[in-house]
Amino acid sequence: MVGAISQYVGAAIGVFLFETTEPATVAWLRAAAAAVALLAWRRPWRRRWNRRQAGVALMFGLVTIAMNIAIYEAISRIPLGTAVAIEFLGPTAVAALGSRRRRDFAAVGLACAGVLLLAGVEFDANLIGVLFALVSAAMWAGYILLGKRVADTGDGLDSLAVGMALAAVILAPAILAPQAHIDASVFADSRTWLLGLCIGLLSTAIPYALDQLVFVQIGSAKFALLLALLPVTATLIGLVMLRQTPTILEIVGIALVVVALLLSARESTDGQPETPP
């Protein structure tokens, strides 16, 4: 819950940057700021890294940044509710594929129904925006599976710091060059960097670090179900910060998600965390 609140407070701050800065650039600023914060905290250079560990960390970072870029690009073209609904196809698919119990399938169905009601899908949405949201859904699924993999090694936070830093450096030319061509003045505006730092800390460093702690305790399937809390939190943040009053359908959606979470909260019979297939 702390991670979800932090993530959407950061998203609310990011709205200000969309007025002057390209969505992909905002996503890169978010990743770069988070990488700097995580590197300063974890100091991962103190331990030895082999080629395989660095490769997994880099892949984790690339998937994470690609997920953020895709959803930001989607939100710039289609309504936020539509983008969130489509994006949740990723984690719910992981939950379904990783399930071993009928109760989990029922929980996934309820969570999907709740998320769709909360999102308020619009079927006449912009096709390019829908495609970006689908890409974000795929990247989110990859983030869950890769996140569980690096967390199981016991160095999840270090891998996140290294991966985000490497990915931000590699992707910088491809993302910042178009922004410089469109409007390079944003880089001379201190607000761009200040808001980018806030977004990076609130939307990435804090919630993703908490993700790694949660990954160690539970499997990726149940983690994907817990992610259904995000649209609930987004609705509450929207009510408090943006004065967006939920409709009756959105309230019903929140109730369905809560029921799904309660249904999936019971431990499996062997007491072991569920792992991806």
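When I say that two residues touch or are in contact, I mean that they have heavy atoms within 4.5 Å of each other. What I am showing is a predicted model, in which local features need a pLDDT of at least 70 and side-chain atom pairs count only at pLDDT 80 or more, while totals for chains, interfaces and linings use all residues. Residues are numbered from 1 along each chain as its sequence is written, and side-chain values use heavy atoms, with hydrogens and water left out.

Let me begin with the chain as a whole. Its secondary structure comes to 12 helices and 0 strands, where helices (H or I, at least four residues) and strands (E, at least two) are DSSP runs numbered from the N terminus. Of the 277 residues, 49% count as buried; by buried I mean under 20% relative accessible area, by exposed over 50%, and by partly exposed anything in between, with a 1.4 Å probe and protein chains only. Among contacts between residues at least 6 apart in sequence, 90% join residues at least 24 apart.

The 16 residues of helix 1 should span 22 Å at 1.5 Å a residue, and the end C-alpha atoms are 24 Å apart, which agrees; the expected span is 1.5 Å times one less than the number of residues. How do helix 1 and helix 11 lie relative to each other? The axes of helix 1 (residues 2–17) and helix 11 (residues 229–241) come within 9 Å and cross at roughly 50°, and the two helices are therefore oblique to each other. The contact is made by Ala4, Ile5, Gln7, Tyr8, Val9 and Ala12 on the helix 1 side, and by Leu230, Thr233, Ala234, Ile237 and Met241 on the helix 11 side.

Leaving aside neighbours within four places in sequence, Gln7 is in contact with Arg30, Leu202, Ser203, Pro207 and Leu230.

Helix 2 comes next. This helix covers residues 23–42, and its 20 residues reach 28 Å from the first C-alpha to the last, close to the 28 Å expected. Why do I call helix 2 largely enclosed by the rest of the structure? Because 14 of its 20 residues are buried. Just after helix 2, Arg43 takes a positive phi of about 45°.

Phe132 is partly exposed, with a relative accessible area of 27%, and, not counting residues up to four places away in sequence, Phe132 touches Ala70, Glu73, Ala74 and Arg77. The C-alpha atoms of Phe132 and Glu87, which are 45 residues apart along the chain, are separated by 9.1 Å.

Which residues does Glu73 contact, leaving aside its neighbours within four places in sequence? They are Pro23, Ala24 and Phe132.

Terms used. Axes are lines fitted to C-alpha atoms, for helices over the stretch in contact, and angles run from 0 to 180 degrees between N-to-C directions. Angles under 35 degrees count as roughly parallel, over 145 as roughly antiparallel, 65 to 115 as roughly perpendicular and the rest as oblique.
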